[in-house]
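Work through the exercises below with the sequence and the model at hand. Each task is followed by its solution.

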Amino acid sequence: MASPTRTPDAPFGRMLTAMVTPFTPDGALDYDGAQRLAAYLVDEQRNDGLIVSGTTGESPVTSDEEKERLLRAVVEAVGDRATVVAGAGTYDTHHSIELARRSERAGAHGLLLVTPYYSKPPQEGVYRHFTAIADATGLPVMLYDIPGRTGTPIATETLIRLAQHERIIAVKDAKGDLFAGSQVMVATDLVYYSGDDTLNLPWLSVGAAGFVSVIGHVAGAVLAQMIERRLAGDPAGALALHRQLLPVVDGIMMRAGGAIMSKAALNLVGRAAGPVRPPLVEATQEQIAELRACLVAGGVKLSDI
């Protein structure tokens, strides 16, 4: 299936949210809830792309079968009007290849591949891991560089090598090195996406195409407007929106982790996504009270219920 929002300069769309995975109160995966959430993110929060089964989607604690069925549900709900990207990266190359192939069969428009974590492979191993997965399907690939979680950065030289692969076309950056990212953008055709909500506007300023956001669950429409203002040559307008959203970033990203606080935020706006699975735990009442204050300060409209 072709991506409905792909353009050469933004191959996965511009405003993407790393979607949480809804669960029922007893911990089962809520596929109907996932479809409702996906439609809300696309139709109301102005996302033109979604990441399914990323870390914020609690992918470490969902089975391969759950991931495939979840992906099919989201593609059915919004795949005609948003790019649906499947998280398929693990620390096992062979397992990642299998997830990538299942994602392609399920209708994904692209793959998100995180650097192998915990095992800390050398850069040659990182290179071979990504190219082996990219070779396994016909889907375009977004690499995910987040050394704070994986323990291993994707070196600039490795990114330049990987850019030679016809299907490796983008980077979700949560490394935060704007200078290194700028070097890669000058040396290659790789398209960058901010993968850290604290640096969304700085990444736009050095040439990123858009965002893979967590706060997009409740502030996607404002983030989309920020991108539009920046692209329209209105840096002051983009800066004003960046500053408006600082409390939202603080409330969701700086407290108990993105998955936990995103689900808490969705509850506050009347879009419940259920509990988290262990080893994550629910936000405390104190954290929810702080989150509520941050969302209000950032202009997020809360539910009256």
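**Exercise 1.** Classify Q244 as buried, partly exposed or exposed, and list its contacts.

Solution. The relative accessibility of Q244 is 31%. Buried means under 20% relative accessible area, exposed over 50%, and partly exposed in between (1.4 Å probe, protein chains only). Q244 therefore counts as partly exposed. This is a predicted model, in which local features need pLDDT of at least 70 and side-chain atom pairs count only at pLDDT 80 or more, while totals for chains, interfaces and linings use all residues. Residues are numbered from 1 along each chain as its sequence is written, and side-chain values use heavy atoms, with hydrogens and water left out.

Helices (H or I, at least four residues) and strands (E, at least two) are DSSP runs, numbered from the N terminus. With contact meaning heavy atoms within 4.5 Å, and leaving aside residues up to four places away in sequence, Q244 touches V222, A297 and G298.

**Exercise 2.** Compare the span of helix 4 with its expected value, then find what its buried residues pack against.

Solution. Helix 4 covers residues 123-136, which is 14 residues. The expected span is 1.5 Å times one less than the number of residues. For helix 4 the first and last C-alpha atoms are 20 Å apart, close to the expected 20 Å.

The buried residues of helix 4 are V126, H129, F130, T131, I133, A134 and A136. Their packing partners are helix 3 (93-105), strand 4 (110-114), strand 5 (141-145), helix 6 (156-162) and strand 6 (168-173).

**Exercise 3.** How many aromatic pairs are there, and what is the geometry of the pair F12 and Y193?

Solution. Rings of Phe, Tyr and Trp (its six-membered ring) pair if their centres lie within 6.5 Å; planes under 30 degrees apart count as stacked, over 60 as edge-to-face and the rest as tilted. The count is 3 aromatic pairs. The ring centres of F12 and Y193 are 6.4 Å apart and the planes meet at 70°, so this pair is edge-to-face. F12 lies in the segment before strand 1 (15-18) and Y193 in strand 7 (residues 191-194), so the pair ties together parts 181 residues apart in sequence. F12 is buried at 0% relative accessible area, and Y193 is also buried at 0%.

Y192 and W203 form a stacked aromatic pair, with 5.4 Å between centres and 25° between planes. Y192 is in strand 7 and W203 in helix 8 (residues 200-205), 11 residues apart.
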